[in-house]
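Subject: Handing over a structure, with notes

Dear colleague,

I am passing on the structure that follows, together with some notes on what was found in it. Please read the notes with the model open beside you.

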Amino acid sequence: RNKKQVREALKNIDCIVHLAALVGDPACKLSPKATEDINYKGTKILCDLAKNAGIKRFIQISTCSNYGISKINNPATEESELHPISLYAQTKIAAEKYVIQEASDVFSVCILRLATVYGISPRMRFDLLVNEIVRDAFLTKKVIVYQPKAFRPFIHVSDVARAINDCINASGKRINGEIFNVGSRNYQKQEVITHLKKYLPECRAEIVDTFTDRRDYSVSFKKIEKTLGFKTKININEGIEEMLNALQ
């Protein structure tokens, strides 16, 4: 958000992958103003300065949470209506709209709407659904599952990195002005527990049917496969096993 520092950081750069944001409902609720300033206004500043600096490519990381609620038998595509039910999603949609409108022949922009990410990473996050469930099961042999029949799309963090890399290396014509859903599969939350129990059969699941989180959506990932040939490589079983080995 510091224009001077950002301008200095953009020297000798030809592509930006913009991941910086306050992520998730709990973090965004703590400070709505900071969420707006970082997720939207910060993106706007970075995009403007990048374009002015002659940077050729801008890849904006967004979220499938923008869909909010969708019909399970009709997975959301990139053209589907958005139903943001959180400040986080609202700010990410606003950022998307701004970045897309800045696309030009010399400034290629692309939006990646990520599914819920899981897996081991250097900056480990245990506030994401699969990671949180695996951690709790490992430590306490018990997991709490809200809205067990709600659907979510998921993707391993390594596959996210591969998708970003594909967008960096693709021709500008193939990605410019495009939005891509990036994910592996859609699962009900209770299905994740079923996969977890293959590795921790003694784990007990406590089902809580509350509506603190109303998100319930499935997503189509056909566009990125058709356009860039991108397919995920890691499935949820491999991700769960990876995390349990690391926790051990």
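Lysine 141 sits in the loop that runs between helix 5 (129-140) and strand 5 (142-146), where helices (H or I, at least four residues) and strands (E, at least two) are DSSP runs numbered from the N terminus. This lysine has a positive phi of about 60 degrees although it is not a glycine. Most residues other than glycine have a negative phi, and most peptide bonds are trans. With a relative accessibility of 33%, lysine 141 counts as partly exposed, a class that lies between buried, which is under 20% relative accessible area, and exposed, which is over 50% (1.4 Å probe, protein chains only).

Before going further, please note that this is a predicted model, in which local features need pLDDT of at least 70 and side-chain atom pairs count only at pLDDT 80 or more, while totals for chains, interfaces and linings use all residues. Residues are numbered from 1 along each chain as its sequence is written, and side-chain values use heavy atoms, with hydrogens and water left out.

Glutamine 147 also has a positive phi, of about 45 degrees, although it is not a glycine. Glutamine 147 lies in the loop between strand 5 and strand 6 (151-156), and its relative accessible area of 8% makes it buried.

As for the chain as a whole, its secondary structure comes to 10 helices and nine strands. Its C-alpha trace spans about 55 × 40 × 35 Å along the principal axes. Of the 248 residues, 46% count as buried. Of the contacts in the chain with a separation of 6 or more, 86% are between residues 24 or more positions apart, contact meaning heavy atoms within 4.5 Å. The accessible surface comes to about 12,800 Å², and 51% of it belongs to carbon and sulfur atoms, the areas coming from the Shrake-Rupley method with a 1.4 Å probe, where for residues only the protein chains shown count as cover.

Asparagine 186 is found in strand 8 (residues 185-188) and is buried, with a relative accessible area of 18%. Not counting residues up to four places away in sequence, asparagine 186 touches Phe151, Arg152, Pro153, Tyr217, Ser218, Val219 and Phe221, and its side chain reaches the backbone nitrogen of valine 219 at 2.9 Å. Phenylalanine 221, in turn, is found in the loop between strand 9 (204-208) and helix 9 (222-228), and it counts as buried at 12% relative accessibility. Outside the four places on either side in sequence, the residues that phenylalanine 221 touches include Ala115, Pro153, Ser184 and Asn186. The C-alpha atoms of phenylalanine 221 and serine 184 are 7.5 Å apart in space, although the two residues are 37 residues apart in sequence.

Histidine 195 is found in helix 8 (residues 189-196) and, at 15% relative accessibility, counts as buried. Its side chain makes a polar contact of 2.9 Å with the side chain of asparagine 237, and another polar contact, of 3.1 Å, joins the side chains of histidine 195 and lysine 198. A polar contact here is a pair of N or O atoms within 3.5 Å; within protein, one must be able to donate a hydrogen and the other to accept it, and residues adjacent in sequence count only if both atoms are side-chain atoms. Leaving out residues up to four places away in sequence, histidine 195 touches Tyr187, Ile236, Asn237 and Ile240.

Lastly, serine 108 is in strand 3 (residues 108-114) and counts as buried at 9% relative accessibility. Apart from its neighbours within four places in sequence, serine 108 is in contact with Lys56, Arg57, Phe58, Gly172 and Asn176. Glutamine 101, by contrast, is in helix 4 (residues 87-101) and counts as exposed, at 53% relative accessibility.

With kind regards
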